[in-house]
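I opened this model to look at a few places in turn. My notes follow in the order in which I looked things up.

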Number of protein chains: 2
Amino acid sequence: MKATVLESAGRVRLVHVPDPVIQRPGDALVRVCLAAVCGSDLWPFRGREPFTPGDRMGHEWVGIVEETGPDVARVRPGDLVIAPFAFADGTCRPCREGLFTSCPDGGFWGGRHDGGQAEAVRVPFADATLLPVRADADTCLLPRLLPLTDVMATGTHAAVLAGTEPGSTVVVIGDGAVGMCAVLAAHRAGAERILLAGRHVERGNLARRMGATDVLAADDPATAEIVRNQTQGGAWNVAECAGTQSALDLAIDLVRPGGTIGSVGVPNGVEHVDLYRLFRHNITLRAGVAPARRYLEPLLADVLAGRLDPSPVFSLELPLDDVASAYHAMDTRQALKVALRP
Amino acid sequence: MKATVLESAGRVRLVHVPDPVIQRPGDALVRVCLAAVCGSDLWPFRGREPFTPGDRMGHEWVGIVEETGPDVARVRPGDLVIAPFAFADGTCRPCREGLFTSCPDGGFWGGRHDGGQAEAVRVPFADATLLPVRADADTCLLPRLLPLTDVMATGTHAAVLAGTEPGSTVVVIGDGAVGMCAVLAAHRAGAERILLAGRHVERGNLARRMGATDVLAADDPATAEIVRNQTQGGAWNVAECAGTQSALDLAIDLVRPGGTIGSVGVPNGVEHVDLYRLFRHNITLRAGVAPARRYLEPLLADVLAGRLDPSPVFSLELPLDDVASAYHAMDTRQALKVALRP
């Protein structure tokens with residue numbers, strides 16, 4: 001089959017690799033229907049995160065089950081399934097506590113595991129990991145389902161960690177796909193006012209379509225002051241969705257004393273956390289990789305009911321064969337997010 | 001009157017200063033009955049925190065009101081009062097939200113304000129700041145009341161920030177007076193198991209008397225592993241009561257994935273917060289200076305009812321005249337905490 005590998009910084013390539021096979025009784029083989037490039041794929045692509053040449057790429061994908069091991073009971077060949085970006089055994093203590101991403105036997109797609117930017121994936125712990133959609137595999141539905149695998153689950157986690165409640169005023173920092181999904185998630189959670197601080201003014205319209213009430217420039221030194229003024233002292237709920245030093249600093253700058261920062265961006269190049277300011281003003285910092293599996297059922301229910309549509313985060317769809325172009329488009333910010341069709 | 005000043009690193013002295021006078025209508029003048037030296041006083045004393053030579057010292061004290069300004073209504077001359085370590089106006093938004101330590105017009109005793117290691121203190125916003133005890137000013141009661149001004153309120157805040165609930169297993173890091181009070185506070189909050197990780201084995205008996213079920217050596221590399229084993233994966237609730245790099249690192253090492261660290265030690269020399277580990281395992285970090293005023297009423301009620309006695313944190317009482325000896329005893333760890341009687 002064909003699979004995307006990272007050959008060197010700046011160079012991804014679709015190469016022929018052996019077809020995956022069932023290795024353990026709990027495995028499933030899934031044919032990928034639609035995959036995506038994630039903002040976090042760009043960190044190793046840019047050489048800003050370590051990788052091994054030849055690492056498989058892609059952790060966002062949905063597909064159709066082709067074959068299952070003898071222990072698999074919940075998913076069946078032919079099922080359309082959603083795969084969260086982390087697989088997990090579902091039985092260990094962290095899994096039972098809902099923290100699937102801390103499963104000691106779990107892992108993330110890509111690297112030495114199969115990646116999703118490929119034609120097929122071997123899925124360990126298929127019963128615990130995959131969520132069958134059990135609906136007509138209408139191809140129109142795929143772009144709405146695909147974000148649930150990561151960015152929509154992560155945006156939801158951001159809104160949850162930030163403490164969003166009905167009526168909340170939430171500041172979302174970062175206008176990448178996760179930030180957009182955090183806006184959508186805050187809206188879904190009943191936030192009354194959602195201020196998005198981003199770096200790309202041209203994304204403002206999309207942000208408003210997702211539910212943002214205000215769009216601010218993250219790199220404008222006046223932004224923190226504007227937020228403090230408009231919230232009478234700072235925001236109670238801040239969703240940091242970039243993972244960079246400047247995003248974290250801005251979050252700490254505009255959060256209200258006693259408020260909460262939910263931080264879901266993979267920390268990249270964050271050299272300093274202003275602990276003294278957190279301490280001085282009793283600010284809660286809740287950083288966390290999204291245990292995406294936890295959010296899949298309710299998000300899927302909303303998508304199927306037509307109440308949730310995160311597909312606008314995809315600004316481009318390309319054939320899997322053009323994966324290099326997809327990375328290029330995201331790396332140069334010509335595309336917010338790219339879907340790949342094998 | 002006599003007041004303690006920090007003349008230079010390592011040198012405190014009791015000097016004669018002008019008697020305080022009412023300056024604003026909301027002021028009260030209070031004669032100090034008992035004061036204490038705090039672990040955080042040692043940071044400037046050791047030259048590890050900036051100070052201005054001549055800074056007044058002491059933020060833990062209880063006293064008798066001598067005079068009040070015309071706007072003061074809740075406290076009266078003759079009242080025995082407890083002063084939290086921060087004064088606050090009680091009317092601003094942070095105060096109304098219970099975050100007295102973030103009051104823009106508030107401040108901390110000492111420095112350019114009057115300090116508590118003195119014969120008297122001018123108290124701004126006396127109505128909002130002071131809590132009248134309205135009980136017989138039995139001198140036996142003073143050592144039980146004095147810890148409420150800081151260490152017992154801060155220990156309570158630690159237990160609260162760490163998310164302590166009835167039945168919780170709580171790890172307290174730091175066996176100074178705040179750590180001891182956090183043990184007491186966790187016990188008071190219904191924690192079932194309280195593990196204290198400290199650096200002074202000789203304080204173990206006191207810790208057990210305060211409610212610790214296990215005493216561990218904070219600097220033993222095996223301690224985190226012991227806690228993880230005994231808690232099946234790490235502690236949900238960790239109260240970091242030292243403010244040092246090693247204490248924070250230990251907290252992050254032994255907290256459970258998905259768990260919470262409440263951090264109340266004034267950060268001192270903390271160069272690095274392991275944000276990646278917080279992110280990787282969804283650990284909540286709640287750092288905060290205690291809004292002590294918030295906790296005074298319920299703590300006082302418990303002291304007056306005989307349900308709470310934090311006085312064992314004082315291992316030594318000296319006359320105020322011996323303030324230099326008091327600092328020396330704490331600096332050299334001969335005393336856990338010293339009370340000073342003017």
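**Notebook: chain A against chain B**

I began with the contact between the chains, which takes 36 residues from chain B and 36 residues from chain A. I keep in mind that this is a predicted model.

Next I looked up the buried area. Between chain B and chain A it is about 3,000 Å². Carbon and sulfur atoms give 62% of that area. Which three residues supply more than any other three of the area that chain B buries against chain A? I found Leu275(B), Phe279(B) and Asn282(B), which supply 23% of it.

The rule finds two salt bridges across the interface of chain B and chain A. I looked at Arg256(B), which forms a salt bridge with Glu97(A). The closest N and O atoms of this pair are 2.9 Å apart. I also noted 15 residue pairs in polar contact between chain B and chain A, both residues being at pLDDT 80 or more.

I asked which elements of chain B supply the side that touches chain A. I listed α5 (151-161), β15 (255-263), α10 and β16, and each supplies at least two residues. Helix α10(B) gives the most to that side, with five residues.

I stayed with Asn282(B). It sits in the loop between α10 (275-280) and β16 (284-287) of chain B. Is Asn282(B) buried or exposed? I read 8% relative accessibility for Asn282(B), so it counts as buried, the cut-off being under 20%.

I then looked up Gln232(B). Its phi is also near 50°, again positive in a residue other than glycine. I placed Gln232(B) in the loop between α8 (223-230) and β14 (235-240) of chain B. At 46% relative accessibility, Gln232(B) counts as partly exposed. Why not exposed? That word needs over 50%, so 46% leaves Gln232(B) in the partly exposed class.

**A sheet in chain B**

I traced an open sheet of three strands in chain B. The order is β2-β1-β4, with antiparallel pairing. I marked β2 (11-16) and β4 (55-56) as the edge strands, since each pairs on one side only. I followed β1 (residues 2-8) of chain B, which six bridges join to β2(B). These two strands run antiparallel. I looked up Ser8(B) and found Arg11(B) as its bridge partner in β2(B).

I moved to chain A and picked Thr154(A). It is found in helix α5 (residues 151-161) of chain A. With a relative accessible area of 5%, Thr154(A) is buried. What does Thr154(A) contact, leaving aside its neighbours within four places in sequence? I wrote down Phe85(A), Val178(A), Val264(A) and Ala290(A). I checked the C-alpha atoms of Thr154(A) and Val178(A), which are separated by 6.5 Å. These two residues are 24 residues apart along the chain.

Last, I opened the UniProt record. An unreviewed entry there places the feature "domain: Alcohol dehydrogenase-like C-terminal" at residues 177-287 of chain A. In the model, the end C-alpha atoms of residues 177-287 of chain A lie 18 Å apart. I noted that the span is 39% helix and 26% strand.

Terms used. Residues are numbered from 1 along each chain as its sequence is written. Chains are lettered from A and ligands numbered from 1 in the order in which they are written. This is a predicted model: local features need pLDDT of at least 70, side-chain atom pairs count only at pLDDT 80 or more; totals for chains, interfaces and linings use all residues. Side-chain values use heavy atoms; hydrogens and water are left out. UniProt positions are given in the numbering used here, feature names are shortened, and annotations may be inferred rather than shown by experiment. Helices (H or I, at least four residues) and strands (E, at least two) are DSSP runs, numbered from the N terminus. Two strands pair if DSSP finds at least two bridges between them. Buried means under 20% relative accessible area, exposed over 50%, partly exposed in between (1.4 Å probe, protein chains only). Contact means heavy atoms within 4.5 Å. Buried area is the accessible area (1.4 Å probe) that two parts lose on being put together, summed over both. A salt bridge is a side-chain nitrogen of Lys or Arg within 4 Å of a carboxyl oxygen of Asp or Glu. A polar contact is a pair of N or O atoms within 3.5 Å; within protein, one must be able to donate a hydrogen and the other to accept it, and residues adjacent in sequence count only if both atoms are side-chain atoms.
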